[in-house]
Amino acid sequence: MRAIMVALALATAMLSPSLAQNSPPSSSARWPAHPIRLIVNFPAGGAADLLARLISQSLSEAFGQPVVENKGGANGNLGGEMAARARPDGYTWLMSSGEMVAINPRWYANLPFDPTKDIVPVASVARVPFYLVVRKEGQAQDFKAFVPDLKANPGKRNFGSPGIGSSPHLAAEMLKKMSGTEAVHMPYRGAAPALNDLLAGHIDFLFDPGIAIEHAKSGVLRALAIGSPQRSPQLPDVPTLDELGLTGFDADAIFGVYAPAGTPPEIILRLNTEINWSLATATLKERIMAVGNVPLAMAPDEFGARARDDPKRFGVIIRERGITGAN
C-alpha cells in the first residue's frame, strides 16, 4: 500500500506541468542514491531535534537513516541558511519551526538569505503546543497564584526561551500583555538549555515545547497551563490559558521539513508522501504524542500557508513589544 501511494503521488507530479518543470526525471529517478542530511536549526534536546530524530527513524526504511545535524543559533537562522545554501538535489532537508520562515524575516534586519524564497515547505510533522511550567518549589503553585505573584513583583521574575523571537518567547510576551504583568526575558540557545536552568532554579518559568512533560508528570516541575486552544492528552488536567481567562490565547507552532528552493518537485512530493504515511502509523503517533506534541500531516502548499499565517498571530505582539533581531 505504501508503494502504491508513493507511485500515485509521483504520477500526479509528472502529469502536472507546474510540478514537473525544472525537474529532470533522470536525476530524481535515482534518488536517493547516497545518505541524506537532515539539518535541525536548534540545538540537541529541543522539540525540533526530537521530532527530527523520530521522523528520521521512521523514514529509514524508505531512504536509509538520514544523518541529523544540529546547527542552532540566531533563532534558527544559522541552520536555515545552511539549508538554503545547500544544493537543491534532495539530499539536504531542514527541520524547523514555522517562525524561522514566517517571522524572522520581519524582525532580523539583515538576514543573509530569504527564508520565504530560499527554502520551500515539504511536509509538516507536528503541532507543538507550549506548556507554562514553573519549579515545584516556586512562588506560584497554580495559575491563580501565578499572575498575582507577577503583578506583585514587576520585573523581579524571569523566564527563559529558546531565543529572542522564538515561539516560546512570543507566547510569554502574549501572556504578559493579556494578563497585565511583567517579567524579565532570559534568552537561551535552545529549549533544552532553558529547561535545564529552570530545573536548576536559575529562572522562574518558561513556555516549554513538550520536553518537560516527564518532569511535570513526576512532580519535579508544575505545568500551570497550556498555551494551546485544546488541552493536551499527555496532561489532560492542565487547563488552557483560554479557559483560565486569557481568551483566544493560541501560541502553537507547526514544526516540519523544508528543502532548498529548486529541489525537484517530484522529490518533494515523494518525501511529503513518505512523511505523511509515517505520521499515520501508530508507532510514530505514539512517540510524537509522548513528547507532548500532536502529529500533523499536510500537503506542501497547506504547510506553507500555515507557516505564513504566523505573522497574523504574532505580528501585533512583535510590534507592540518592540521585539527586534540581533542584526
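The legends below describe close-up views of a predicted model. Local features need pLDDT of at least 70 and side-chain atom pairs count only at pLDDT 80 or more, while totals for chains, interfaces and linings use all residues. Residues are numbered from 1 along each chain as its sequence is written, and side-chain values use heavy atoms, with hydrogens and water left out.

**View A. The open sheet has 5 strands in the order β7-β6-β8-β5-β9.** Pairing in the sheet is mixed (two strands pair if DSSP finds at least two bridges between them). Strands β7 (184–187) and β9 (221–226) stand at the edges with a single partner strand each, so one side of each has no neighbour in the sheet. The twist averages 30° from one strand to the next. Strands (E, at least two residues) and helices (H or I, at least four) are DSSP runs numbered from the N terminus. Strand β5 (residues 131–135) runs antiparallel to β9 and is joined to it by 5 bridges; L132 stands opposite A225 in β9.

View B. Axes are lines fitted to C-alpha atoms, for helices over the stretch in contact, and angles run from 0 to 180 degrees between N-to-C directions.

**View C. H185 lies in strand β7.** H185 is buried, at 18% relative accessible area (buried is under 20%, exposed over 50%, partly exposed in between, with a 1.4 Å probe and protein chains only). The H185 side chain makes polar contacts with the side chains of S161 (2.7 Å) and H169 (3.4 Å). A polar contact is a pair of N or O atoms within 3.5 Å; within protein, one must be able to donate a hydrogen and the other to accept it, and residues adjacent in sequence count only if both atoms are side-chain atoms.

**View D. Salt bridges join R321 to E173 and K177 to E320.** A salt bridge is a side-chain nitrogen of Lys or Arg within 4 Å of a carboxyl oxygen of Asp or Glu. The R321–E173 distance is 3.7 Å, N to O. R321 lies in helix α16 (residues 310–321) and E173 in α10, so this pair ties together parts 148 residues apart in sequence. E173 is buried, at 6%, whereas R321 is partly exposed, at 28%. The K177–E320 distance is 2.9 Å, N to O.
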